[in-house]
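Please read this note with the structure open beside you.

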Amino acid sequence: MQFFLDTANLDEMREVKELGLLDGVTTNPTLMSREGGDWREQAALICELVDGPVSLEVIGTTREEMIKEAKDLASFGDNVVVKIPMIAEGLKALKELHEREIKTNVTLVFSPGQALLAAKLGATYVSPFVGRLDALTHNGIEGVDQMRTMFDNYDYKTKILVASVRHPMHVLDSALIGADVITLPYSTITQLMKHPLTDNGLAAFLADWEAFQK
Ligand code: G3P
């Protein structure tokens, strides 16, 4: 499973890159706005720093606007993936972008049915938002499992990119299902890495060694 970082923050990307865990990055208008400054400069810096795919999201809501923006966003680098919202106009744009070989990530996906439509139209990625579904007492991960079955049934090449991740169990469940990619907030990477028994165990080993050397 590939690990993407769900952020527009360059320091977080550098940290995870140094760990060797940065397979790609996903941004959205909210994450970009948190960084402030000129979004074009920020997007260019992200595309340069990240070796893997970088999702940049369109703001337009009509087919024409999305296609125009997608062409502009794609010019930031060969690694750009254009995020398109899961609305009817987005689906119309998707078909044309697929034909133009611009990579796409269909975002704001909340049901397996939506994912099926995006896959049929040749989306490169679909992003089911598991955390936002869980918050409404719908099981987000169950939908991911159904998407995996559907995509495998028809050999769709669209990759399942699990998004809106809230905790490490989302990561484990996604890996057990066989999701292709998960996009994580920086905090979840830290949570995955840490275990109190590791810290306690290391402290005990070092203390025993120090006593042995005296
Ligand atoms: O980037 C898309 C998605 O991961 C957003 O997640 O935390 O805003 O629900 P969140």
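1. In which strand is Leu108 found? Leu108 belongs to strand S5. Helices (H or I, at least four residues) and strands (E, at least two) are DSSP runs, numbered from the N terminus. Leu108 is not a glycine, but its phi is positive, near 60°. With 34% relative accessibility, Leu108 counts as partly exposed.

2. A word on the source. This is a predicted model, in which local features need pLDDT of at least 70 and side-chain atom pairs count only at pLDDT 80 or more, while totals for chains, interfaces and linings use all residues. Residues are numbered from 1 along each chain as its sequence is written, and side-chain values use heavy atoms, with hydrogens and water left out.

3. The chain as a whole. The protein chain has eleven helices and eight strands. Its C-alpha trace spans about 75 × 40 × 30 Å along the principal axes. Of the 214 residues in the protein chain, 45% are buried.

4. Glu101 also deserves a look. Glu101 has a positive phi of about 60°, although it is not a glycine. This residue is in the loop between helix H5 (88-99) and strand S5 (104-109). Glu101 counts as exposed because its relative accessible area is 71%.

5. Which residues surround the ligand? They are Asp6, Asn28, Lys83, Phe129, Arg132, Ala163, Ser164 and Arg166. A residue counts as near a molecule if one of its heavy atoms lies within 4 Å of it. By class, this shell has two nonpolar, two polar and four charged residues. In this scheme Ala, Val, Leu, Ile, Met, Phe, Trp, Tyr, Cys and Pro are nonpolar, Asp, Glu, Lys and Arg are charged, and the others, Gly among them, are polar.

6. A polar side-chain atom of Ser164 lies 2.7 Å from an oxygen atom of the ligand. For Arg166, an N or O atom of the side chain is 2.8 Å from a ligand oxygen. For Lys83, the corresponding distance from a side-chain N or O atom to a ligand oxygen is 3.2 Å. The protein covers 82% of the 310 Å² of accessible area that the ligand has on its own.

7. Is Thr158 buried or exposed? Thr158 is buried, because its relative accessible area is 4%. Thr158 lies in the loop between H8 and strand S7 (159-162), and a polar atom of its side chain is 2.7 Å from the backbone oxygen of Ala123. Thr183, in strand S8 (residues 181-184), is buried at 1% relative accessibility. The side chains of Thr183 and Thr26 make a polar contact at 2.5 Å.

8. Tyr154 is in helix H8 (residues 140-154) and is exposed, with a relative accessible area of 58%. Tyr154 and Ala119 are 35 residues apart in sequence, and their C-alpha atoms are 9.9 Å apart. Pro185 is in the loop between S8 and helix H10 (186-193) and counts as partly exposed at 23% relative accessibility.

9. Lys95 lies in helix H5 and is partly exposed, with a relative accessible area of 44%. Lys95 and Ala8 are 87 residues apart along the chain, with 27 Å between their C-alpha atoms. Pro29 is in helix H2 (residues 29-35) and is partly exposed at 35% relative accessibility. Pro29 and Ala211 are 182 residues apart in sequence and 55 Å apart in space, C-alpha to C-alpha.

Terms used
A polar contact is a pair of N or O atoms within 3.5 Å; within protein, one must be able to donate a hydrogen and the other to accept it, and residues adjacent in sequence count only if both atoms are side-chain atoms. Accessible areas come from the Shrake-Rupley method with a 1.4 Å probe; for residues, only the protein chains shown count as cover. Buried means under 20% relative accessible area, exposed over 50%, partly exposed in between (1.4 Å probe, protein chains only).
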